[in-house]
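Me: I would like to learn how to read the features of a model. Please take them one by one.

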Amino acid sequence: MKKLSRSFVLAAAALLGAGAAVAKLPPPSDEAKAKADEAKAKAAWSDKVAAYQLCKANDRVAARTLAEAKKAGKPVGEVVATPACADPGPFAYTPPEAAAPAGAAAAASTPAATTAAAASVAAAKKP
């Protein structure tokens with residue numbers, strides 16, 4: 001009975017202490033958010049690389065199996081065409097803060113954006 005009550009008290013204290021520690025976490029800094037975004041982008045790129053490597057391996061296995069079946073004189077069914085494997089290329093990450101102002105400036109300087117802005121100004125001036 002004494003062991004049971006001691007373990008109950010220790011478990012309750014641990015739960016209360018863990019709840020208080022989690023509740024007081026400060027919000028992440030901008031630098032920490034940027035690192036998390038970069039880590040997320042790198043993980044997504046790694047998934048694409050893994051899918052590319054799996055696709056290439058599947059192609060090699062299918063080609064070898066088809067060649068062995070033809071060599072053995074076994075009937076080969078219809079070969080199903082599959083999409084080509086897409087190479088993700090090297091990892092490249094540009095932070096969204098740096099990309100957004102450049103994209104907004106480029107969009108504002110396009111002729112369509114300039115014409116649309118001029119048309120809205122002209123429409124607003126008409127009585």
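**Reading the features**

Reply: The structure holds one aromatic pair. Rings of Phe, Tyr and Trp (its six-membered ring) pair if their centres lie within 6.5 Å; planes under 30 degrees apart are stacked, over 60 edge-to-face, the rest tilted. This is a predicted model: local features need pLDDT of at least 70, side-chain atom pairs count only at pLDDT 80 or more, and totals for chains, interfaces and linings use all residues. Residues are numbered from 1 along each chain as its sequence is written, and side-chain values use heavy atoms, with hydrogens and water left out.

Me: Which charged end sits over the ring of Phe-91?

Reply: That of Lys-42, 4.9 Å from the ring centre. The test asks for NZ of Lys or CZ of Arg within 6 Å of the ring centre and within 35 degrees of the ring normal.

Me: How many disulfides does a search of the whole structure find?

Reply: A disulfide is a covalent bond between the sulfur atoms of two cysteines. The cut-off is a pair of cysteine sulfur atoms within 2.5 Å. The search finds one. Cys-55 and Cys-85 form this disulfide, with sulfur atoms 1.9 Å apart. The pair links distant parts of the chain, 30 residues apart: Cys-55 lies in helix α2 (residues 30-71), Cys-85 in the loop between α2 and α3 (96-108). Helices (H or I, at least four residues) and strands (E, at least two) are DSSP runs, numbered from the N terminus. The link is left-handed, with -80 degrees about the S-S bond.

Me: Is Cys-85 buried or exposed?

Reply: Cys-85 is buried, at 19% relative accessible area. Cys-55 is partly exposed, at 22%. Buried means under 20%, exposed over 50%, partly exposed in between (1.4 Å probe, protein chains only).

Me: Which residues line the largest pocket?

Reply: Cys-55 is one of them, and others include Asn-58, Asp-59, Leu-66 and Thr-82. A pocket is an open set of points on a 1 Å grid over the protein atoms alone, where a 1.4 Å probe fits, with protein on both sides within 12 Å along at least five of seven lines; lining residues have an atom within 4 Å of a point.
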